[in-house]
Amino acid sequence: PDITVVTPVFLDRDAQPTWWVASRGHHADVGGITPGSMPPLSRLIEEEGVLLDDFQLAERGVLRTAALLEQLTHARYPARNPEQNVADLIAQIAANEKGSQELQRAAAHFGREVVGAYMAHVQDYAEEQVRRSIEALQDGQFECELDNGARIRVSIAIDHVTRSARIDFSGTSPQLPDNFNAPLSICKAAVLYVFRTLVDQPMPINAGCLRPLHIIVPAGSMLSPRYPAAVVAGNVETSQIIVDALYGALGMLAASQGTMNNFTFGNETYQYYETVCGGTGAGEGFAGASAVHSHMTNSRMTDPEVLEGRFPVLVERFAIRAGSGGPGRYRGGDGAIRAIRFLAPMNAAILANSRRIAPFGLHGGDPGACGTDAVRRADGTLHPISGNRTIAMSPGDVFIIQTPGGGGFGPQASPREPPSEA
């Protein structure tokens with residue numbers, strides 16, 4: 001449920017935009033078949049919410065509120081709280097306005113030519129830093145399986161003469177009937193992320209990072225699906241496996257939890273969405289981190305006091321899942337345990353991976369523990385949840401999520417050699 005707002009920036013009396021600013025926001029709900037717009041069982045993109053395709057949000061400085069509400073409320077599965085969507089989009093417009101003002105202020109102070117030149121310098125610098133990091137890499141390939149049986153296969157070929165890399169996802173599973181397809185932009189973002197992490201210099205992520213990288217993704221595969229494929233798990237789940245596969249091919253890092261553990265609940269009044277932290281993979285010289293948001297998650301969790309104040313739920317337990325990280329010379333990070341007690345009738349949904357296939361260890365390290373999900377009813381009976389699904393929650397019921405641990409790195413130390421920890 002991400003919406004991007006793009007705003008042109010005009011300097012002086014230019015007829016065409018000089019620059020563009022943009023803000024991308026994950027909305028609490030944009031419709032779809034479940035509250036929170038993260039349905040575990042969607043098969044078509046329309047089941048995941050209202051699709052805004054190049055919609056003009058404002059005209060001559062005035063928000064097109066009526067037209068926007070028409071879009072949000074007249075889809076097959078309309079937004080449940082369109083006024084909230086409008087308020088959030090106004091905030092995105094305000095963010096863009098701030099960016100526009102700062103660009104115009106810089107241009108007024110330094111001149112547009114200087115500002116434009118430094119934009120190019122930033123990209124040129126990023127390109128050079130990525131090329132330097134590529135010099136130390138070697139060819140590799142790796143394959144990761146998802147819980148649904150789909151496979152992501154990647155081979156990385158390094159050209160040390162041109163200091164470039166060819167990242168080829170040929171052999172990856174075809175487009176899927178479920179929602180674990182990832183748009184091509186998600187695949188490119190995962191590649192960009194991994195290669196940015198190889199640069200040990202302060203540097204903003206930008207298009208220059210991609211110049212040394214030749215990315216090959218077969219059209220019609222799960223990483224480049226065709227409309228109207230469902231894709232809601234692509235951003236939050238498949239992206240994590242792409243990252244793990246890339247680190248595996250580079251031989252650098254064991255798998256992290258391989259999921260964002262997307263948890264949504266709500267009804268016609270309340271809608272809430274969160275991702276739940278887990279363990280990260282270990283690497284050469286360091287153990288994985290425990291109970292953190294890993295790789296592509298890019299979010300934080302709501303404070304318990306705020307969550308309980310705004311929604312009829314109680315955070316019954318939130319703790320590190322001790323021992324869930326994979327053993328190895330460097331141990332994988334532990335996952336987390338999160339239990340939410342419901343105080344009103346609502347539907348809850350879990351969209352996650354690494355429930356069947358454990359996060360892999362690397363170079364002799366052991367895998368981390370798989371995640372588990374369950375509901376403990378008010379009468380005390382425990383009902384494990386298999387796979388991604390939506391379930392009705394009654395007052396007193398508790399939804400329990402145990403997130404995966406990260407994989408270990410390297411073989412475990414011999415009895416005479418103490419294990420290494422970060």
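1. The largest cavity is lined by Thr 34, Pro 35, Thr 264, Phe 265, Gly 266, Asn 347, Ala 348, Ala 349 and Thr 390. The structure is a predicted model. Two strands, strand 9 (262-266) and strand 13 (346-351), each supply at least two residues of this lining. Sorted by class, the lining holds four nonpolar residues, five polar residues and no charged residues.

2. The space in the largest cavity is about 40 Å³. The count of cavities of 30 Å³ or more comes to one. As background, empty space is found by rolling a probe the size of a water molecule over the atoms.

3. The second largest pocket contains about 290 Å³ of space. It is lined by 18 residues, of which Asp 147, Asn 148, Phe 180, Gly 387 and Asn 388 are the closest to its centre. Its lining divides into six nonpolar, six polar and six charged residues.

4. Helix 2 covers residues 82-110, which makes 29 residues. From its first C-alpha to its last, helix 2 reaches 42 Å, close to the 42 Å expected at 1.5 Å a residue. Just after helix 2 comes Gly 111, which takes a positive phi of about 100 degrees.

5. Which residues of helix 2 are buried? They are Pro 82, Asn 85, Val 86, Leu 89, Gln 92, Asn 96, Ser 100, Leu 103 and Ala 107. In an α-helix there are 3.6 residues a turn, so residues three or four places apart point the same way. The cover over the buried residues of helix 2 includes strand 1 (2-9), strand 2 (19-26), strand 4 (62-63), helix 1 (65-73) and helix 3 (112-134).

6. The packing of two helices is described by the angle between their axes and the distance between the axes. For helix 2 and helix 3, the axes come within 6 Å and cross at roughly 115 degrees. In this contact, Leu 103, Ala 106, Ala 107 and Phe 110 of helix 2 meet Arg 112, Val 114, Val 115 and Met 119 of helix 3. The residues of the contact comprise seven nonpolar, no polar and one charged.

7. Val 115 belongs to helix 3. Is Val 115 buried or exposed? Its relative accessible area is 11%, and because buried means under 20%, Val 115 is buried. Leaving aside residues up to four places away in sequence, Val 115 touches Trp 19, Ala 106, Ala 107 and Phe 110. The C-alpha atoms of Val 115 and Ala 157 are separated by 36 Å, and these two residues lie 42 residues apart along the chain.

Methods: Residues numbered from 1 in each chain as written. Predicted model: local features only at pLDDT ≥ 70, side-chain atom pairs only at ≥ 80, totals over all residues. Heavy atoms only, no water. 1 Å grid on protein atoms, 1.4 Å probe; cavity = no way out; pocket = protein on both sides within 12 Å on 5 of 7 lines; lining within 4 Å. Points joined across faces, edges and corners; volume = space filled by probe spheres on them. Helix = DSSP H or I, 4+ residues; strand = E, 2+ residues; numbered from the N terminus. Nonpolar A, V, L, I, M, F, W, Y, C, P; charged D, E, K, R; others polar. Expected span 1.5 Å × (residues − 1). Buried < 20%, exposed > 50% of the residue type's maximum accessible area, 1.4 Å probe, protein only. Contact = heavy atoms within 4.5 Å. Axes fitted to C-alpha atoms, helices over the stretch in contact; angles between N-to-C directions.
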